[in-house]
Amino acid sequence: VLAREESLFEPHVEVIPRQARRHRDRPEVAPRVDPVRRERRFPDAELEALFRDGDQGQRVEVARALGDVPGDRAHGALTLILGQPGEGSATLRAEALRAIARTRHPNAVRLLTYYLLSDMSPEVQRMSGDALVELGTDDARFAVIEALSRGEKDAARRARLVDVIGRFEG
């Protein structure tokens, strides 16, 4: 395990804005990401190097792959990815949120609700809401209801909450 100072998942890594693409369009990424998905191993030095040295599309693929790591082994890396600043990293943050939801980590609902209401990027807000609905748990539903019942003053935030709660089944 890499020490935090040596980790390539640092929260202040500069993100180079580029069009994010699935790795099937990037043959050089698949051999590096697929073993992590298939074998569910993490931490993985090759994956960390891909995140550190890769372009935006490769970093997005790393975030997606981390969602396939079972348990909470990748949670720290995913929350550090959420710390990427700026609109240029919105796709990366959105994919990290989707990955956190897939891991079903105990903090997933709290993080998704927070980013639904607080992130400045519409892409991240949309992904947070989608991930809450995809989780479909009582915890996810109640987190949205609780946020609504706190009397959110901002009309746009209220609208996001109403949209999300309306998409839950039942």
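The following conversation concerns the predicted model shown above.

Reader: What is the protein chain built from, helices or strands?

Author: The protein chain of this predicted model has nine helices and zero strands. Read from the N terminus, its elements run α-α-α-α-α-α-α-α-α.

Reader: And how much of the chain is buried?

Author: Of its 170 residues, 50% count as buried. The accessible surface is about 8700 Å², and carbon and sulfur atoms hold 50% of that area.

Reader: What share of the contacts joins residues 24 or more positions apart?

Author: Among contacts in the protein chain with a separation of 6 or more, such pairs account for 66%.

Reader: Let us turn to H5. Is it mostly covered or mostly open?

Author: Helix H5, residues 90-103, is mostly covered, with eleven of its 14 residues buried. Among them are Leu-92, Leu-97 and Ile-100, and also the charged residues Arg-93 and Glu-95.

Reader: What covers those buried residues?

Author: The cover includes helix H2 (45-53), H3, helix H4 (75-82), helix H6 (108-118) and helix H7 (122-135).

Reader: How does H3 pack against H5?

Author: Helix H3, residues 56-66, packs on H5 at an angle of about 10°, and the two axes lie 7 Å apart. Because angles under 35 degrees count as roughly parallel, H3 is roughly parallel to H5.

Reader: Which residues make that contact?

Author: H3 contributes Gln-56, Arg-59, Val-60, Ala-63, Arg-64 and Leu-66. From H5 come Thr-91, Leu-92, Glu-95, Ala-96, Ala-99, Arg-102 and Thr-103. By class, the contact has six nonpolar, three polar and four charged residues.

Reader: What happens just after H5?

Author: Arg-104 follows there, and this residue takes a positive phi of about 55°.

Reader: A new topic, then: where does Pro-70 lie?

Author: Pro-70 is in the loop between H3 and H4. Its relative accessibility is 35%, so Pro-70 counts as partly exposed; that class lies between the cut-offs of 20% for buried and 50% for exposed.

Reader: How far is Pro-70 from Thr-103?

Author: Their C-alpha atoms are separated by 6.3 Å, although the two residues are 33 residues apart along the chain. Thr-103 is one of the buried residues of H5 and also takes part in the contact with H3.

How values were computed
Residues are numbered from 1 along each chain as its sequence is written. This is a predicted model: local features need pLDDT of at least 70, side-chain atom pairs count only at pLDDT 80 or more; totals for chains, interfaces and linings use all residues. Side-chain values use heavy atoms; hydrogens and water are left out. Axes are lines fitted to C-alpha atoms, for helices over the stretch in contact, and angles run from 0 to 180 degrees between N-to-C directions. Helices (H or I, at least four residues) and strands (E, at least two) are DSSP runs, numbered from the N terminus. Angles under 35 degrees count as roughly parallel, over 145 as roughly antiparallel, 65 to 115 as roughly perpendicular and the rest as oblique. Contact means heavy atoms within 4.5 Å. Buried means under 20% relative accessible area, exposed over 50%, partly exposed in between (1.4 Å probe, protein chains only). Accessible areas come from the Shrake-Rupley method with a 1.4 Å probe; for residues, only the protein chains shown count as cover.
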